[in-house]
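Dear colleague,

I am passing on a structure that you have not worked with before, and I would be glad if you kept it open while you read. My notes on what was found in it follow directly below.

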Amino acid sequence: MHHAGTVELLERDRELEQLDRLVTDACAGRGRLVLVEGPPGIGKTSLLEAARDRARERDMTVLAARASELDRDFPFGVVRQLFEPLVAAAAAPRRATLLHGAAALAAPLLGGGAPEPAAGKATGDPALRLFHALYWLTANLAEQTPAALAIDDAHWADAGSLRFFQFLAARLDELSVLVALTARTAGPTVERQPIDALATDPLAVVLRPAPLSHRAVAALVADRLRGAPDASFCDACREVTGGNPFLLRELLREVAADEVAPIGAHVSLVRQLAPPTVARAVLLRLARLGDDAAALAGAVAVLGDGTPLRRAAALAGLPVERADGFAATLVEADILAAERPLAFAHPVLRSAIYADLDPGARSRAHRRAAALLADEGAAIDAIAVHLLATEPAGDRQVVATLREAALRALARGAAATAVACLRRALAEPPATSERAAFVLELAAAELAAGEPAAAADHFEAGLRVTGDVRARAGCVRKAVLALQTLGRHDEGFALLERVVDEAAAVDPDLAQSIEGDLIASATLERSRRAWALDRLDRYGDQLTAATSGSRKLLATRAALDAFSSECETPAETLANAAERALGGGRLLDDGPSTPFFFAIIVLLLADRIEPARRALDRAVDDARRHGSAPQFAFAAGWRCWLLAREGHLAEAEADARSSAELALSQGWFVMGPVILGYVLEVLIDRGELEDAHRLLERSGMVTRTADRDATFDDVVHARALLRAARGDLDAAREDLARLARRRARWNTYPTLVPAVLAAPAAATDDQDEGRARADRMLREAQTWGTPRAIGMALRAAGLVEGGARGLELLAEAAMVLERSPAPLEHARALLDLGAGLRRANRRAAARDPLRQALDLADACGARPLADRARQELRAAGARPRRPRLGGVHALTASERRIAAMAAQGCSNPEIAQALFVTTKTVETHLSNAYRKLAIHSRAQLGDALNDGRP
Ligand SMILES: Nc1ncnc2c1ncn2[C@@H]1O[C@H](COP(=O)(O)OP(=O)(O)O)[C@@H](O)[C@H]1O
Ligand SMILES: [Mg+2]
């Protein structure tokens with residue numbers, strides 16, 4: 001074997017020491033990533049081998065993969081090389097352990113059997129679902145024994161696998177896993193970005209093996225050639241090879257073959273034999289071995305490293321026994337490695353031999369390779385990789401295979417591969433009758449691959465020739481998205497109108513379903529609102545909630561009515577419509593779309609909590625089942641709003657933080673700014689001002705000016721609260737003024753919540769203006785009809801009014817809010833009332849509402865509010881009880897949530913999977929909780945948590 005383990009590595013002591021340390025770290029549960037970088041031949045693979053040997057010595061489970069040029073378009077090919085043999089070889093119980101929990105979602109990828117769930121179903125990038133699953137597979141594996149993942153030539157790995165290693169690297173710290181990769185530093189086929197991302201991970205160690213010194217070169221010369229070498233001869237060898245061990249090895253093999261003595265007189269010969277002719281040297285060497293050996297080498301070059309002899313023989317047109325002999329000859333000549341399945345001694349040799357094949361012959365060989373693999377029942381993706389390297393030949397079977405490969409790639413989030421397959425399939429070409437469908441599929445893949453311009457062109461071309469209305473309707477959403485991405489909004493909506501109108505005649509439900517989504521998204525854009533309303537109006541009162549289309553439209557209309565300043569429909573009626581639209585959860589059947597969240601908004605604004613809670617809980621559960629982190633982040637972000645409105649601020653904070661962590665790390669706030677608004681408000685109500693500030697800064701949304709985008713209002717509102725709370729009153733005022741310009745019902749949207757309520761310190765209204773606003777607020781609240789809205793309006797009126805009348809209004813507000821499901825608002829009204837009474841020197845009368853306010857604020861977990869109530873009580877001459885600091889009350893929101901799940905009997909990995917965090921995070925929170933609760937075991941958790949129940 002040419003690899004290390006048998007060959008002694010010269011001048012690599014430092015690297016080997018580092019590898020030892022990394023292996024030790026990994027075994028101790030401190031996972032590490034090591035990247036060995038350098039030019040071809042410098043000794044990367046040899047170091048990787050050394051790492052594997054060390055891992056084996058420490059009884060780690062070693063999984064290995066080697067990427068080759070063919071792997072680029074093999075979705076998750078490298079990941080599959082790593083894990084497939086492990087899963088396939090595992091007996092049933094071990095298999096069950098490995099694929100336990102969230103890891104089960106990786107089974108279709110690794111088993112090859114059952115197809116993955118369709119791409120469109122869960123929200124977001126399907127690749128993320130696989131990362132989540134593969135992460136847990138790795139965690140399950142390392143739970144039993146420490147593991148090492150060794151990936152050679154990662155620069156050729158497919159994008160999905162590389163992104164997974166990045167995903168894993170960020171979470172490696174707490175697993176007993178060593179990830180070791182090698183990659184070339186440069187070269188025409190090397191894309192640096194994903195490798196750089198790995199190299200710059202804070203936990204990554206990068207090794208860059210240096211060229212061999214004169215001494216090492218001299219040692220190798222002495223070892224390889226007969227006779228004591230002259231220094232000048234060795235110098236020449238070092239100079240021409242740059243100290244590259246592979247080039248040196250090749251040079252010395254030529255020198256040895258020519259029986260040149262290593263003496264000074266032969267220095268010029270060394271220069272002649274030296275690279276850049278190494279490729280030619282290999283080809284000459286190969287030619288000397290005869291046509292059949294060359295054919296076998298060519299077959300291995302086409303099939304790629306890791307080819308079974310049988311397959312290579314078949315492709316070379318040789319009987320297996322003879323091929324076996326030629327393989328031995330090629331090993332003898334140091335062209336193939338002494339290993340089975342067949343592989344080159346070095347990738348540089350494969351590249352040289354592959355590049356030397358005649359292009360026509362190469363294409364034919366790949367086509368035959370594809371056929372051989374198909375006969376063996378190989379995976380579609382493995383076959384497609386070869387078809388991609390062939391020249392078009394009008395073969396329908398090729399078209400069909402490439403199409404299937406494209407669909408699979410899409411389902412795994414490998415959109416670029418899907419694009420490659422479909423472009424190649426179109427060139428084959430498909431039958432004329434199929435062409436339009438291909439063009440549309442290509443357009444969709446291009447959109448997913450981030451090529452909106454190509455996508456828009458292909459959508460246009462495909463739609464122009466597609467006669468089938470259903471097919472047109474099926475892709476119009478994406479076509480509009482492509483146009484919108486390019487800023488061609490008008491064209492997008494015009495196209496939509498056309499297609500939906502056509503489809504309405506053929507398949508009304510399909511037409512409505514599309515229109516439902518698009519109208520919903522159009523309403524979020526101020527300039528499209530009128531268009532959306534106009535389209536909605538066409539349905540009159542005919543929305544029955546019997547079909548998915550009408551449910552979406554119904555939900556959208558309920559939300560529009562709830563926001564519209566012209567609409568006078570009460571909350572009750574709109575909540576009924578929203579509940580009908582939810583259809584017992586059926587609105588979630590196509591995943592959580594904008595209309596789904598519209599229904600939730602209406603229910604929450606109407607204080608009809610239960611159906612909203614059920615729907616959001618289901619969205620969270622679905623997200624967990626599908627392993628969809630974005631869906632989890634969105635559903636949790638909405639649920640934090642629900643919980644906050646009910647006054648469960650600690651639970652709300654737990655949801656807010658889960659949502660924020662995921663959304664921040666992935667940049668999702670840009671897609672759903674509403675969530676950011678909810679999350680910020682919860683943090684502010686909890687008194688976590690610095691965290692809220694940091695979150696806003698890091699969200700990338702702080703400086704956005706988005707007046708055309710209504711979804712941004714919640715962020716502006718939260719930002720105003722935050723700025724006011726932090727004492728930046730001018731900035732807070734600016735935000736409030738901006739929101740006040742919006743036309744909406746004040747009580748259904750944060751836009752018009754008057755400054756006296758949002759941020760009293762920043763309120764600048766004169767009394768008349770304030771009164772006018774409070775009046776309008778009250779009128780609209782009464783129309784809306786919920787105690788929360790009316791109580792808040794009365795409170796605003798009371799604050800504006802002041803004096804004895806103001807106190808009356810505040811008392812009335814408190815009374816109304818007492819009957820509402822809004823304990824936090826109730827507490828605020830009581831606090832204002834108490835504070836007003838105290839200022840009016842009615843200190844005794846002030847104490848009772850202040851005590852109530854304090855109790856409510858404490859029960860809600862609203863710390864700043866409770867603090868203010870305490871201050872007021874003291875000022876009113878009472879001695880408020882001290883805040884409860886110990887026990888359950890000392891737990892953070894996340895600690896409390898995780899402790900509660902543990903008390904219910906969930907294991908740490910189960911909790912981690914459910915919350916999309918790592919097991920280590922769960923362990924940290926739990927040990928903090930144990931400390932604060934002064935307990936030592938899980939069994940005590942239940943009682944300790946219950947102690948704190950008020
Ligand atoms: N430090 C070293 N000392 C001696 N020989 C080495 C050393 N590193 C690599 N080699 C030899 O050089 C050749 C190329 O090494 P390899 O690890 O395959 O390089 P790379 O993976 O960087 O292309 C192999 O034959 C290997 O045995
Ligand atoms: Mg190598």
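Helices (H or I, at least four residues) and strands (E, at least two) are DSSP runs, numbered from the N terminus. This is a predicted model, in which local features need pLDDT of at least 70 and side-chain atom pairs count only at pLDDT 80 or more, while totals for chains, interfaces and linings use all residues. Residues are numbered from 1 along each chain as its sequence is written, chains are lettered from A and ligands numbered from 1 in the order in which they are written, and side-chain values use heavy atoms, with hydrogens and water left out.

Let me begin with the backbone. Most residues other than glycine have a negative phi, and most peptide bonds are trans. Against that background, P341, which sits in the loop between α16 (320-332) and α17 (347-356), is joined to R340 by a cis peptide bond with omega near -10°. D59, although not a glycine, has a positive phi of about 60°, and its place is the loop between α2 (44-57) and β2 (61-66).

For the angles, axes are lines fitted to C-alpha atoms, for helices over the stretch in contact, and the angles run from 0 to 180 degrees between N-to-C directions. The crossing of α20 and α21 is left-handed, meaning that the near helix is turned anticlockwise from the far one by less than a right angle, whereas clockwise would be right-handed. Their contact (heavy atoms within 4.5 Å) involves, among others, V399, L402 and R403 of α20 and A415, T417 and A418 of α21. By class, the residues of this contact are 11 nonpolar, one polar and two charged, where Ala, Val, Leu, Ile, Met, Phe, Trp, Tyr, Cys and Pro count as nonpolar, Asp, Glu, Lys and Arg as charged, and the others, Gly among them, as polar.

Helix α22 (residues 432-448) and helix α23 (residues 452-465) likewise have axes that come within 8 Å, crossing at roughly 155°, and α22 and α23 are therefore roughly antiparallel to each other. Here too the crossing is left-handed. The residues in contact include A436, V439 and L440 of α22 and A454, A455 and H458 of α23, and the contact of α22 with α23 divides into 13 nonpolar, two polar and one charged.

Further along, the axes of helix α35 (residues 689-698) and helix α36 (residues 713-725) come within 11 Å and cross at roughly 135°, so α35 and α36 are oblique to each other.

Finally, ligand 1 is surrounded by 18 residues (each with a heavy atom within 4 Å), and the closest are G41, K44, T45, S46 and H346. Among the polar contacts (pairs of N or O atoms within 3.5 Å; within protein, one must be able to donate a hydrogen and the other to accept it, and residues adjacent in sequence count only if both atoms are side-chain atoms), an N or O atom in the side chain of S46 is 2.6 Å from an oxygen atom of ligand 1. A polar side-chain atom of T45 lies 2.7 Å from an oxygen atom of ligand 1, and a polar backbone atom of I42 is 3.3 Å from an oxygen atom of ligand 1.

Notes. Parallel < 35°, antiparallel > 145°, perpendicular 65-115°, else oblique.
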